[in-house]
Amino acid sequence: MWMRIELRSPLPVYEQIKMGIKEAVMTGKFERDSQIPSIRELAKDIQVNPNTVARAYRELESEGIIFSRPGIGFMINVNRNGIKNRLLEDLEVELLPLIKRMKKAGIQKKDVNEVIERCWKEE
Amino acid sequence: MLKKTMMEMQFRIILLVLFFILMLVVLIATRPFIDEIMAQMNFDSEQMKNLPDFFKNMLAETTQLSKMVEDDQFFLLSQWYSKNFGQFLPLFVLIMVFPLFAKEVDKGTIFFLLSKKNRPSIFWGKVLPGYMVVMGITLFFVFIAPLVMMLSGYSVAFTPQLLAMIVQQLISVTFFFALFMFFSVVFNDQIKPVLAGILVCFGLPFFSMFEGTKWLNPYPYVLGQSVLTKGHFDGIYSLVLLILTAAIVWVGLGVFKKKEF
Amino acid sequence: MLERRISEKESGSIGAEKKALVIKGLDKVYKGDVHAVKEIDFDVNEGEVHALLGPNGAGKTTTIKSVLGFIHYQGDIRVFNEKIDDVRPNVAFVPEDKSFYEFMTPEMAIKVCTRIVDQFDPNRAFDFMRRFSLPMKKKIKGFSHGMKTSLYLSLCLAQKASLYIFDEPTWGLDPIRRDDVLEIIRNLVIDGKTVLYTSHIISEVEKIADRISILFDGRILFSGYTDDIKADFRVFYLPLDEQLPNHYQFLSSQKDREKLVILTADEKTIHFLRQAEQAEEVVPNLEMFFQTLLRGKHYA
């Protein structure tokens, strides 16, 4: 199964689904303009209620990652680079306030880089 | 709902039908035997003292003993309708009807019906089949008794008197059905409707002890005493019972529609 | 978070929310002054699994009995925008009390249902009963709790309804069968049906409920998406003497294991508490959310 859902994860299920779709684009499972599973299909596959899948798709749609073609289904709207940029944007949004705080506390850029380096290795 | 009702009543239907058949067989079998006893009794009154109690009662209460001996028709009217079958009618209806609603509530199966159907359809869906079963059995036995006697070679006919008797018993059964059905609607367990029914069956005769409350005892009507002794149909009592029946059913429906489960 | 909410409303292209059930101001006082349900409001969207959660005696069954018109109540209840009596064939129900006619066998039960129940599919009932491996020719009288539940569920699921209401649908079932039932419930919503059910088993609810309403002492403490709990709510463990400015909002607070426990979804409060020294922040799972909510004092 290309998408795994952890009910016990602190991440909401719809966020996990969104992430799963994005990852599938990154790994090349889906390309731009290729069709992704319907809400029902995916719901059955990953054992999640269709409402939750619908919510994830709705958000992916409003973020411009997928689009719906009436009568056909949902298609990927971006390529690998598009996803990459978006993920990096997300990271930036989350990092910005933290970096600001570090800066305010007088922490050096190279120390922050070191932390990032360490985090990278840990995963 | 008819099939479901029949299934629920299956055991009681078989039991009571067998009971009535036995009663009828015994009655017809004793017909010649009674003749003999009567005949002997005329000569030897000592014999009478040795008879079993129930037999003595049966004979003693019949005012026109000699008439019974000679007249098959009178034997049938007095012994089947006015005694055995007739006396047992209210109790028979009670046994058939008391669980109609009470058992569903007691066992929790009422929720099944409540979630599927609206209240009036549940009410009629139980009352009508129940009535059909009770009426079916009653009709069978009011008509089978004269038929069996005819086939056994006795001179019995469907006279106006016999038909009047039958109509009174059918009206009685209808009334008791409504009353006991009402008890079954009102109470939430199965014991209370039985107790209330027994109270009615065995309590009402006590009203005949006083002249003013005599009319409250329905047994003379149920047993068709006016038909038997005077030969006439009790129209007013019939009408009153039918009106009461309609009123009880109407109130029963109202109670069932408003009831909380 | 706010942004996400707005974007959600704007992109209503997938499944505009129609209501399968709307309850407004439901209030029920039983004879003897038992105030079972106190002016509750909640609704169930079409196509969702909505779980009514709460300890015994919280008012779950009373709520369901009101919805189905088994008892009198104050307030307004609409099922598919109608009074219940007008939509009964569209509503299938498994009561808390799973007793079916004891003198019947499952086979007879199917026959009776085929005659009595609107839109009843006997083949579907057979399929479910086979799946639950029920003895078709044995009288229900001798059935265990779990078998009775399986039987009732089979009969209910064989009714082609739009809204399925289950009062404790896994009562008496062993864990494997329980998961089976949860999967069946999920398949119902995948087929476009709506499910409202009550449970006090939280792990079960976590697996299949889109939305939950938590009932406690006749009131609704929380009604919302299970996913939103993880997205929006945080639990903070703080030292007991922590001073909290009173304009901050939280849903529940309690003192537990010599800690002050705060449950909140308010962004300002979360922001403030994150700054506090010795504060421990946790993303609550449903169990923690439920326990904190029930044990704490409530500020809604």
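Modeller: Over residues 1-15 of chain C, pLDDT stays under 50. pLDDT is the predictor's confidence in each residue, on a scale from 0 to 100. For those residues the model has 15 contacts beyond four places in sequence. Two residues are in contact if their C-beta atoms, placed from the backbone, lie within 7 Å. Where pLDDT is low, the predicted coordinates should not be read in detail.

This is a predicted model: local features need pLDDT of at least 70, side-chain atom pairs count only at pLDDT 80 or more, and totals for chains, interfaces and linings use all residues. Residues are numbered from 1 along each chain as its sequence is written, while chains are lettered from A and ligands numbered from 1 in the order in which they are written.

Now the rest of chain C. Its average pLDDT is 87, and 91% of the residues score at least 70. The model as a whole scores ipTM 0.87 and pTM 0.84.

Chain C holds eleven helices and 14 strands. Both are DSSP runs numbered from the N terminus: helices are H or I with at least four residues, strands are E with at least two. The radius of gyration of chain C is 21 Å, close to the 19 Å from the globule rule for 300 residues, so chain C is as compact as a globular protein of that length. That radius is taken over C-alpha atoms, and the rule is 2.2 Å times the number of residues to the power 0.38. The C-alpha trace of chain C spans about 70 × 45 × 40 Å along its principal axes.

Of the 300 residues in chain C, 43% are buried. Buried means 20 or more other C-beta atoms within 10 Å of the residue's own; exposed means 12 or fewer; partly exposed lies in between; the C-beta atoms are placed from the backbone.

Next, helix H2 of chain C, residues 60-67. Eight of its eight residues are buried, so the helix is largely enclosed by the rest of the structure. The buried set in H2(C) includes Lys60(C), Thr61(C), Thr62(C) and Thr63(C). Ile64(C), Lys65(C), Ser66(C) and Val67(C) are also buried there. Gly69(C) follows H2(C), and its phi is positive, near 75 degrees.

Leaving aside neighbours within four places in sequence, Asp85(C) is in contact with Gly69(C) and with Asn118(B). Asp85(C) sits in helix H3 of chain C. It has 12 other C-beta atoms within 10 Å, so it is exposed. Asp85(C) and Leu68(C) are 17 residues apart in sequence, yet 8.4 Å apart in space, C-alpha to C-alpha.

Asn81(C) lies in the loop between strand S4 (74-79) and helix H3 (84-87) of chain C. Its phi is near 70 degrees, a positive value in a residue other than glycine. Asn81(C) has 12 C-beta neighbours inside 10 Å, so it counts as exposed.

Glu168(C) also has a positive phi, about 55 degrees, although it is not a glycine. Glu168(C) belongs to the loop between strand S6 (163-167) and helix H7 (175-190) of chain C. With 19 other C-beta atoms within 10 Å, Glu168(C) is partly exposed.

The contact of Asp85(C) with Asn118(B) brings in chain B. The contact between chains B and C takes 15 residues from chain B and 16 residues from chain C. On the chain B side, helix H1 (2-43) and helix H7 (110-116) each give two or more residues. H7(B) gives the most, with five residues. By class, that side has five nonpolar, four polar and six charged residues. Nonpolar covers Ala, Val, Leu, Ile, Met, Phe, Trp, Tyr, Cys and Pro; charged covers Asp, Glu, Lys and Arg; the others, Gly among them, are polar.

Chain B has 13 helices and zero strands. Of its 261 residues, 34% count as buried.

Finally, chain A. No contact joins chain A and chain B, whose closest C-alpha atoms lie 27 Å apart.
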